[in-house]
Amino acid sequence: MAALDIGEHCTIQTCNQKDFLPFVCDACSGVFCIEHRSRESHACPEVPVKKQVLTSGGSTSYQCTFEDCKGKELLPVLCPHCQKNFCLAHRHQDDHKCEKLEIPKPRMAATQQLVKNIVESKKGLPASKVRKGAKNSATALKVALMKLKLHADGDKGLPQTERTYFQVFLPKEAKDTSLPMFFCSRWSIGKVVDCAASLASLKNNNNILTAKKLRLCHPLTGEALKMDDTLLSWLARSECPLYNGGNVILEYLDNDCSELEDVTVYLTQS
């Protein structure tokens, strides 16, 4: 009885591994094993990447194509939508103003408009009511901050003056709904995400191009905060800031997603 010849060999000469379920590249039509299926791993000739050779050591680097950015990476970081190369700081669609970035969903646009309307409505109230409402909000934040300080987890080496406390609402599949944490106000949002993921024992694949990204989101608008923004810049905002002692949401988002669909799903679970 003749043996069945199933599968194909990877076209990478140094690999040549036979895969029973080979992958066909949609750009160059080459056949590859699971290890070389991505365009980067088999150096797809159909995906142009801007290269620049460094003068020191002659090693190859990849220049960021975002406006006047001079950032470079040792490996290509391609946007899966516009297929252009960027540095890590501009790898997300909203960070490099991707030409294929989708318009925000109507539900979230309505939520953002609602927040704006609430802010505008406060301007027409008598000064006494505004002061009373602000006083009550400030008192509530102080109480929440004191409670968080009793139980929050974080880097114990941080000075008390640099600590910012949040009730961090975790991804839907996490075992805990939320956890109290503190971070350094001078950290970037990216570092805050990494620290929160470690404290909550969450899978963090933010360094993998095609994986879902763990993002920190605003508790009112659902906006995914830019990874290279600083926490301090969000605390100092005049419109929809973050508050020391307030809430933030941590969730896995697709690469082309810049906001949560419904923030109330998280905040009502507490």
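Arg237 lies over the face of Trp234, 3.6 Å from the ring centre. A second case of this kind is Arg37, whose charged end sits over the ring of Phe23 at 5.1 Å from the centre. The rule used here is that NZ of Lys or CZ of Arg must be within 6 Å of the ring centre and within 35 degrees of the ring normal.

A word on the source: this is a predicted model, in which local features need pLDDT of at least 70 and side-chain atom pairs count only at pLDDT 80 or more, while totals for chains, interfaces and linings use all residues. Residues are numbered from 1 along each chain as its sequence is written, and side-chain values use heavy atoms, with hydrogens and water left out.

**Overall build**

The protein has 5 helices and 11 strands. These are DSSP runs numbered from the N terminus, with helices (H or I) of at least four residues and strands (E) of at least two. Of the 270 residues, 38% are buried; buried means under 20% relative accessible area, exposed means over 50%, and partly exposed lies in between, with a 1.4 Å probe and protein chains only. Taking contacts between residues at least 6 apart in sequence, 47% join residues at least 24 apart, where contact means heavy atoms within 4.5 Å.

A pair of aromatic rings is described by the distance of the centres and the angle of the planes. The structure holds 2 such pairs, listed here.

| Pair | Centre to centre | Angle between planes | Class |
|---|---|---|---|
| Tyr165 and Phe182 | 5.4 Å | 45° | tilted |
| Phe166 and Phe183 | 6.4 Å | 35° | tilted |

Rings of Phe, Tyr and Trp (its six-membered ring) pair if their centres lie within 6.5 Å; planes under 30 degrees apart count as stacked, over 60 as edge-to-face and the rest as tilted. Tyr165 lies in strand S8 (residues 163-169) and Phe182 in strand S9 (residues 178-184), so this pair ties together parts that are 17 residues apart in sequence. Phe166 is in S8 and Phe183 in S9, so their pair also ties together parts 17 residues apart. Tyr165 and Phe182 are both buried, and so are Phe166 and Phe183.

**Helix H3 and its cover**

Helix H3 (residues 189-199) has as its buried residues Ile189, Gly190, Val192, Val193, Cys195, Ala196 and Ala197. Their cover includes S9, strand S10 (213-217), helix H4 (231-235) and strand S11 (246-253). Just after H3, Ser201 takes a positive phi of about 55°.

Cys10 sits in the loop between strand S1 (8-9) and strand S2 (18-19). Cys10 is buried, with a relative accessible area of 3%. Leaving out residues up to four places away in sequence, Cys10 touches Cys15, Asn16, Gln17, Val31, Phe32, Cys33 and His36.

Glu67 lies in the loop between strand S6 (60-63) and strand S7 (72-73). Its phi is near 40°, a positive value in a residue other than glycine, and Glu67 is exposed at 58% relative accessible area. Lys97 belongs to the loop between S7 and helix H1 (106-123). The phi of Lys97 is near 50°, again positive in a residue other than glycine, and Lys97 counts as exposed at 58% relative accessibility.

**Cavity and pocket**

On a 1 Å grid over the protein atoms alone, a cavity is a set of points where a 1.4 Å probe fits but cannot get out, and a pocket is an open set with protein on both sides within 12 Å along at least five of seven lines; lining residues have an atom within 4 Å of a point. Grid points are joined across faces, edges and corners, and a volume is the space filled by probe spheres set on the points.

There is 1 cavity of 30 Å³ or more. The largest cavity has a volume of about 70 Å³ and is lined by Cys79, Pro80, His81, Arg91, His92, Gln93, Leu209, Lys213 and Asn255. By class, that lining has 3 nonpolar, 4 polar and 2 charged residues. Here Ala, Val, Leu, Ile, Met, Phe, Trp, Tyr, Cys and Pro count as nonpolar, Asp, Glu, Lys and Arg as charged, and the others, Gly among them, as polar.

The second largest pocket holds about 450 Å³ of space. Of its 14 lining residues, Pro76, Asn207, Ile208, Leu209 and Thr210 are the closest to its centre. The lining of this pocket has 6 nonpolar, 4 polar and 4 charged residues.
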